[in-house]
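This report describes a structure from its cores to its sheets, helices and single residues. Please look at the sequence and the model first.

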Amino acid sequence: MSEIRPGAPWSGSADDFVRIDDVVKIFGDVVAVKSVSLNVGRGEIFALLGSSGCGKSTLLRMLAGFEEPTSGRIFLDNEDISSLPPYKRPVNMMFQSYALFPHMTVEANVAFGLKQEGVPRNEIHTRVYEALDLVQMGAYARRKPSQLSGGQQQRVALARSLVKRPKLLLLDEPMSALDKQIRQNTQIELVKILDKVGVTCIMVTHDQEEAMTMANRMAVMSEGRIIQCGTPQEVYDFPNSRFVAGFVGSTNLFTGTITVDEPDHVQIECDQLSRPLYVDHGVSEPLGMEVHVSIRPERIRVHREQPEGDVNWGHGVVSHMAWMGSYARYQIRLDSGKLVEASVSRLAMAQNDAPAVDEEVYIDWSDDSATVLPS
Amino acid sequence: MSTSIKHAPLPWRRILTIAPPFVWLVLFLLVPFLLVLKISFADLQFGVPPYTALAEFKDEALSLVLNLRGYALLFTDSLYIATYLESVRMAVITTIFCVLIGYPMAYYIARSEPSVRNVLLIGVILPFWTSLLLRVYAWIGILRNDGIMNNLLMGLGLIDQPLEIYRTDLAVHIGLIYAYLPFFILPLYANLVKLDVRLLEAAYDLGARPWRAFFSVTLPLSMPGVLAGAMLVFIPSVGEFVIPEMLGGADTLMIGRVMWTEFFNNSDWPMAAAVTCVMVLLLLIPLVFFQYSQVRQLDARGGRRNG
């Protein structure tokens, strides 16, 4: 368990501790979730990523028991929980705005769940302080939620949702109520706590960085469906669609037709570039088929000299450059009129005397940089 | 915190804002009450006005005469004491039933769809469009021995003899609860509708069954609404005159009726004034308690945040 690091590929056993089986949720005439199937392994941190209205929150609410699936089943540890009410599920949730009880102290908030279970009084006390110490809030036990900062409230909410030792922990937009400055540290800290406890966790977020920082695996959702599911690295490096490529990170999309298709590479004729695209992986599409190719901005190099090879490069003019601190973001207008974005690291800029706006430049990239998108 | 506000100089804009209601209260509440207080210490006399003056300047001596006849009678005549106790008892029962009936109603309205909610709220407010007098008359029509209810129950064969409700304490209770229920529902509704549903979901999520969630989350968080509503029912119920007069029997004792009798039938203004003053004092106690709980709540909510 301790080997799981934020964003690292999940290495636990591939059992299906949580199994979402063909779940559909319909509200009136709106289909919020359209036939979602998903497995999450024991101890895994899994992220549902999508923009608002994509169905991720509805899915989470079905896991918590606040909504019942219109059809399909949800299994937790081989038990069908689809129609169990929330108070009978071994599932706890950390709410987006934390939903701490304003009339109770921190201690009473954390003790609430244990009291419902009928845990003996002295055991409640021990477990409440264990949970509060885990999130370093032991000193604030007597305060009311309104006397805490946002970050402190989040810790209390986490302690409250962990104190019952749930089989499954749900996090609803865990960072959305925090300032941007403290988010990144909090994300890593949260993952550390979750790893320490070893709880299986499903989180919902619209922030792809948050998903990639925290999750072992993630599913990208849109319009009630899961578009792609995999480790953050898989999803980032091999998006399966234009939607995912654009949603998870930024990217440059090119359109072209396949001219050569070998098992170990494909060549794609593209009007938007000076030379054809060469990709070092095969595709299943037929020759002559129009396909989309994604190249991440950080994979694109910017030069003054014409590249030597006869594939994978283009020519254009720098139309805009923005300093981002650790890197510079270039916008380059190719001869075809296509606008390409490139992130150039400070290191590359230092080696290469950074090109300025309106300068003519060449862009190129390695064979393993581009990804052919099936849709 | 409150002391710092007290000592802060009042800017003229704040004075302008506070002045109209302040002047209103002084002119139409404090001054009349002081007049009543003055009369309560006077003695009965025939003439206009039918009471003696408190201060008299005669033979180069200013004499101030405080006549305590009214108050002495109030605390010695068991009839008055019984009336006060009876009025408070009536008001307490009315308040309890308004809470028991009104809470589920307010809860239901607050949890309804917003479109349905407005219709239900209008249903609660609608009776105010008719005068209270007419509505109490309608109750006479319902409760009378040969009224709608008895005719219906006898027609259905459920009872052989009419239920004698009209002109009893039960009729007064029905009338009071009916008349004051909206005053309980509205403030409670305003409180319940603001309750964050996610708090309830959090309670369910932590293992609380719906009833447990209600008693540990909804009820404590709605207490300010319950208190406000209960005060709005209790305070006017104590001094209520119209309902006990019209629905109650000859033996229904309530302060409002005693006041009326002293004032109009016996023309004993000082006595009526003394009855009133003691009632106001009686009502000030729950008001002070209410105010105290409100202030404490405000303090708990934001007072120590900076501490």
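The largest nonpolar core has 108 residues, and those with the most contacts inside it are A:Leu63, A:Ala159, A:Leu170, A:Ile202, A:Val220 and A:Val293. A nonpolar core is a set of buried Ala, Val, Leu, Ile, Met, Phe, Trp, Tyr and Cys residues joined through C-beta atoms within 7 Å. A residue is buried if 20 or more other C-beta atoms lie within 10 Å of its own, exposed if 12 or fewer, and partly exposed in between, with C-beta atoms placed from the backbone. Two residues are in contact if their C-beta atoms, placed from the backbone, lie within 7 Å. Leaving out residues up to four places away in sequence, A:Leu170 touches A:Leu60, A:Leu63, A:Ala64, A:Val91, A:Met93 and A:Ile202. A second, separate core has 56 residues, including B:Ala179, B:Phe184, B:Ala272 and B:Met279. In soluble globular proteins, nonpolar side chains tend to be buried together.

This is a predicted model, in which local features need pLDDT of at least 70 and side-chain atom pairs count only at pLDDT 80 or more, while totals for chains, interfaces and linings use all residues. Residues are numbered from 1 along each chain as its sequence is written, and chains are lettered from A and ligands numbered from 1 in the order in which they are written.

**Chain A and its sheet**

Chain A contains nine helices and 20 strands. Helices (H or I, at least four residues) and strands (E, at least two) are DSSP runs, numbered from the N terminus. Of the 375 residues of chain A, 42% count as buried. The C-alpha atoms of this chain fill a box of roughly 75 × 45 × 40 Å, taken along the principal axes. Among contacts in chain A with a separation of 6 or more, 65% are between residues 24 or more positions apart.

Five strands of chain A form an open sheet in the order β13-β12-β11-β14-β20, with antiparallel pairing. Two strands pair if DSSP finds at least two bridges between them. The edge strands, each pairing on one side only, are β13 (277–279) and β20 (370–373) of chain A. On average, neighbouring strands of this sheet are turned by 45° against each other, direction ignored. A hairpin through two residues joins β11(A) to β12(A).

| Strand pair | Bridges | A pair of residues |
|---|---|---|
| β12(A) and β13(A) | three bridges | A:Gln267 and A:Tyr278 |
| β11(A) and β14(A) | six bridges | A:Thr255 and A:His292 |
| β11(A) and β12(A) | five bridges | A:Ile258 and A:Ile268 |

**Where the chains meet**

How many residues of chain B are in contact with chain A? There are 20, and they are in contact with 19 residues of chain A. The elements of chain B that give two or more residues to this side are α9 (197–205), α10 (210–238) and α13 (269–303). Of these, α9(B) gives the most, with six residues. By class, the side of chain B that touches chain A has nine nonpolar, two polar and nine charged residues. Here Ala, Val, Leu, Ile, Met, Phe, Trp, Tyr, Cys and Pro count as nonpolar, Asp, Glu, Lys and Arg as charged, and the others, Gly among them, as polar.

**Two helices of chain B**

The axes of helix α4 (residues 78–111) of chain B and α10(B) come within 9 Å and cross at roughly 145°. Axes are lines fitted to C-alpha atoms, for helices over the stretch in contact, and angles run from 0 to 180 degrees between N-to-C directions. Residues of α4(B), among them B:Ala91 and B:Cys98, meet residues of α10(B), among them B:Ala230 and B:Phe234. The residues of the contact of α4(B) with α10(B) divide into 10 nonpolar, six polar and no charged.

Helix α10 of chain B also holds B:Pro236. This proline is partly exposed, with 17 other C-beta atoms within 10 Å. B:Pro236 and B:Tyr180 are 56 residues apart in sequence and 8.7 Å apart in space, C-alpha to C-alpha.

**Two residues with positive phi**

Most residues other than glycine have a negative phi. A:Asp77 has a positive phi near 50°, and lies in the loop between β4 (71–76) and β5 (79–80) of chain A. A:Asp77 counts as partly exposed because it has 15 C-beta neighbours inside 10 Å. B:Asp59 has a positive phi of about 55°, and is found in the loop between β1 (55–58) and β2 (61–64) of chain B. B:Asp59 counts as exposed because it has 6 C-beta neighbours inside 10 Å.
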